[in-house]
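Biologist: I'd like to learn how to read a model like this one, feature by feature. Could you take me through it?

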Amino acid sequence: MLSLGRWRETTATDYLDVRRFFTIWASLTHVLRSPVIPVVALSLARKPALQLRWISPVALVLLWQLASSTGVLSPEKLASPLTVLESAGELIADGQLGEAFVVSLGRVFLGFVIGGTIGVALGLASGLSRWGETLLDPPVQMLRTLPHLGLIPLFILWFGIGEEPKLALVASGVAFPLYLNLHAGIRQTDPGLVEAARVLGYSRFERIVHVVLPSAVPQTLVGLRIALGTAWLSLIVGEQINADAGLGFLINNAREFLRTDVVVVGLVVYALLGLTTDALVRLLERKVLRWQAR
Amino acid sequence: MASAVSIRGLRKAFGPRSVLDGIDLEIAPGEFVALLGRSGCGKSTLLRILAGLDRQVDGTAEVPGTVSIAFQQPRLLPWRKVWRNIALGLNKPNGHAIALKALEEVRLADHADAWPLTLSGGEAQRVSLARALVREPDVLLLDEPFGALDALTRLAMHHLVEDLWARHRPAVLLVTHDVDEALLLADRILVLDEGRIVAAHHVDLPRPRRRASVVEQRTRVLADLGVDVETAA
């Protein structure tokens with residue numbers, strides 16, 4: 001559930017504060033009754049065009065490059081953007097990046113399938129049956145308070161240092177958010193709709209398929225997005241355990257040779273993968289939730 | 001002929017509070033009965049019992065045939081298209097054709113493939129009516145189905161319901177707190193107060209009824225509800 005907070009945070013738009021700043025500035029200069037400044041200030045106070053939001057990120061990269069080129073930032077601390085680009089090109093060309101990418105993607109996929117199956121199975125069992133809820137929900141609610149990344153020592157003792165602890169880590173990161181949101185989604189079903197379905201002659205199976213499960217879909221998709229975010233995070237942490245392949249291996253290996261450029265490339269790929277899966281869920285949401293009036 | 005609804009000595013209590021306190025009621029097949037009463041008089045509870053949604057009661061409430069219902073809120077499944085909302089639960093192979101025919105009756109055939117959330121309140125309520133009638137019920141329960149609609153839409157709905165009732169002839173139990181609505185539509189009006197039927201009126205006026213023709217009886221029904229229009233006006 002840690003990651004729930006993370007999702008909420010990212011929705012805040014800091015640019016609103018910039019607007020407020022200019023608005024205040026505009027009213028201040030208005031008070032000063034200067035003939036020129038208010039005009040400038042008011043035009044700034046207007047909502048800036050969306051494409052202008054690129055200005056500061058590009059400026060930061062330029063600043064980074066400038067710091068590297070002038071020697072303020074040593075390559076052992078952080079390689080310059082150009083070097084990073086160059087190394088990315090080399091890593092792609094010699095196939096290292098592709099190979100690492102496939103290995104890491106495979107780990108997330110497999111871990112996600114395992115954790116997803118467990119989370120959905122438990123969520124359905126405890127959402128659809130009172131007995132299931134009574135028996136399953138208490139232990140799951142207790143276990144979910146454990147920070148799953150803290151389980152690494154146990155996973156190493158249980159599964160060794162091969163693929164298994166990495167998969168277990170991803171799976172445990174996926175299972176809990178899916179369980180919690182699917183269970184909550186099922187519980188939030190409008191009792192009025194279930195009543196109507198009963199009077200109108202739906203069988204129990206039809207009530208579950210046409211009333212209960214569809215009404216749990218929006219909340220489950222929220223869980224899916226959280227689960228995917230946690231899956232990548234778990235992978236990154238998991239790949240620190242004695243990885244001999246994958247993006248984590250690439251990064252750790254690079255650290256030993258002070259190759260900060262390769263480290264940055266690895267991090268960027270992690271970020272892009274996270275963004276891609278998130279975009280896929282958004283796409284799925286738009287398809288599955290077509291019925292919602294917007 | 002056997003009654004469509006047969007209720008004897010029906011009691012229902014929530015804890016110490018008695019909601020229905022000995023109801024006896026027979027509704028003939030095809031009869032249109034309106035159940036009037038203030039909020040909290042037990043009319044919705046009675047309807048829920050007849051719908052089979054509440055079985056923990058004393059006394060008997062028998063509904064031998066099929067029952068269908070339309071609520072104050074349309075209660076359509078927002079994730080199923082309009083025609084699916086009507087066809088679901090029917091378990092008939094030609095559900096789509098049946099649904100389209102039912103939608104034609106409520107003049108919404110062109111909305112068959114719409115999502116329910118895109119409908120207006122009146123349209124959604126018409127779909128809800130079509131969904132209730134497509135089951136060809138022996139008893140149609142209407143739980144304040146016009147309560148949430150604006151006045152103009154409500155008038156149109158009154159005509160539609162009368163029309164559909166005349167065509168399909170189910171026994172209807174309409175729960176409402178609108179006296180005019182009851183007088184315009186019902187063969188018999190029952191006044192429910194504190195869990196008992198305190199008055200019954202037969203409305204023998206010819207159909208279609210107009211407002212002027214019901215004025216005299218309106219005063220008497222309102223008096224049963226404790227509203228004195230003579231002095232209030």
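Predicted model: local features only at pLDDT ≥ 70, side-chain atom pairs only at ≥ 80, totals over all residues.

Biologist: Is Thr260(A) buried or exposed?

Modeller: Buried means under 20% relative accessible area. Thr260(A) has 13%, so it counts as buried.

Biologist: And which residues does Thr260(A) touch, leaving out those up to four places away in sequence?

Modeller: Pro75(A), Glu76(A), Lys77(A), Leu78(A) and Ala79(A). Arg259(A) is partly exposed at 35% relative accessible area, while Asp261(A) is buried at 7%.

Biologist: How many salt bridges does the whole structure have?

Modeller: A search over all chains finds 19. In chain B, Asp21(B) forms one with Arg196(B), at 2.9 Å between the closest N and O atoms. That pair links distant parts of the chain, since Asp21(B) sits in strand E2 (residues 17-27) and Arg196(B) in strand E9, 175 residues apart. Arg196(B) is partly exposed, with 46% relative accessible area.

Biologist: What about Glu105(B) and Arg167(B): which elements do they lie in?

Modeller: Their side chains meet in a salt bridge at 3.0 Å, N to O. Glu105(B) lies in helix H3 (residues 95-105) of chain B and Arg167(B) in helix H5 (residues 151-168) of chain B, so the bridge ties together parts 62 residues apart in sequence. Arg167(B) counts as partly exposed at 48%. Salt bridges can also share partners: Arg107(A), Glu163(A) and Glu239(A) are joined into one network that way.

Biologist: Now the nonpolar side. What should I expect there?

Modeller: In soluble globular proteins, nonpolar side chains tend to be buried together. Here the largest nonpolar core has 51 residues, and those touching the most other members include Phe32(B), Ile86(B), Leu103(B) and Val127(B). Helix H4 (residues 121-133) of chain B gives the most to this core, with 6 residues. The core draws at least three residues from each of domain 1 (5-66 + 137-232) and domain 2 (78-135) of chain B.

Biologist: Which residues does Ile86(B) touch, beyond its sequence neighbours up to four places away?

Modeller: Among them are Ala99(B), Ala102(B), Leu103(B), Val127(B), Ala130(B) and Val134(B), and the list also has Arg131(B) and Arg135(B). There is a second, separate core of 39 residues, which includes Leu193(A), Leu224(A), Trp232(A) and Ala254(A).

Biologist: Where do nonpolar residues make a surface patch of about 440 Å²?

Modeller: On chain A, where Phe109(A), Leu110(A), Val113(A), Ile114(A) and Ile118(A) make that patch. Phe109(A) is found in helix H6 (residues 96-128) and is exposed, with a relative accessible area of 55%.

Biologist: How do I read backbone angles?

Modeller: Most residues other than glycine have a negative phi, and most peptide bonds are trans. Just after H12(A), Leu258(A) takes a positive phi of about 55°. Glu136(B) has a phi near 45°, in the loop between H4 and strand E6 (139-143) of chain B. Glu194(B) also has a phi near 45°, and lies in the loop between strand E8 (188-193) and strand E9 (196-202) of chain B. Glu136(B) is exposed at 57%, and Glu194(B) is exposed at 66%.

Biologist: Last one: how many helices and strands does each chain have?

Modeller: Chain A has 13 helices and 0 strands, whereas chain B has 8 helices and 9 strands. Buried residues make up 39% of the 294 residues in chain A and 53% of the 233 residues in chain B. Carbon and sulfur atoms hold 70% of the roughly 17400 Å² accessible surface of chain A, and 50% of the roughly 10800 Å² of chain B.

How values were computed: Residues numbered from 1 in each chain as written. Chains lettered and ligands numbered in written order. Heavy atoms only, no water. Core = buried A, V, L, I, M, F, W, Y, C linked by side-chain atoms within 4.5 Å. Buried < 20%, exposed > 50% of the residue type's maximum accessible area, 1.4 Å probe, protein only. Helix = DSSP H or I, 4+ residues; strand = E, 2+ residues; numbered from the N terminus. Domains from an automatic or database assignment. Contact = heavy atoms within 4.5 Å. Areas by Shrake-Rupley, 256 points an atom, 1.4 Å probe, with all protein chains shown as cover. Patch = residues over 30% accessible without salt bridge, like charges linked within 9 Å, V, L, I, M, F, W, Y side chains within 5 Å. Salt bridge = Lys/Arg side-chain N within 4 Å of Asp/Glu carboxyl O.
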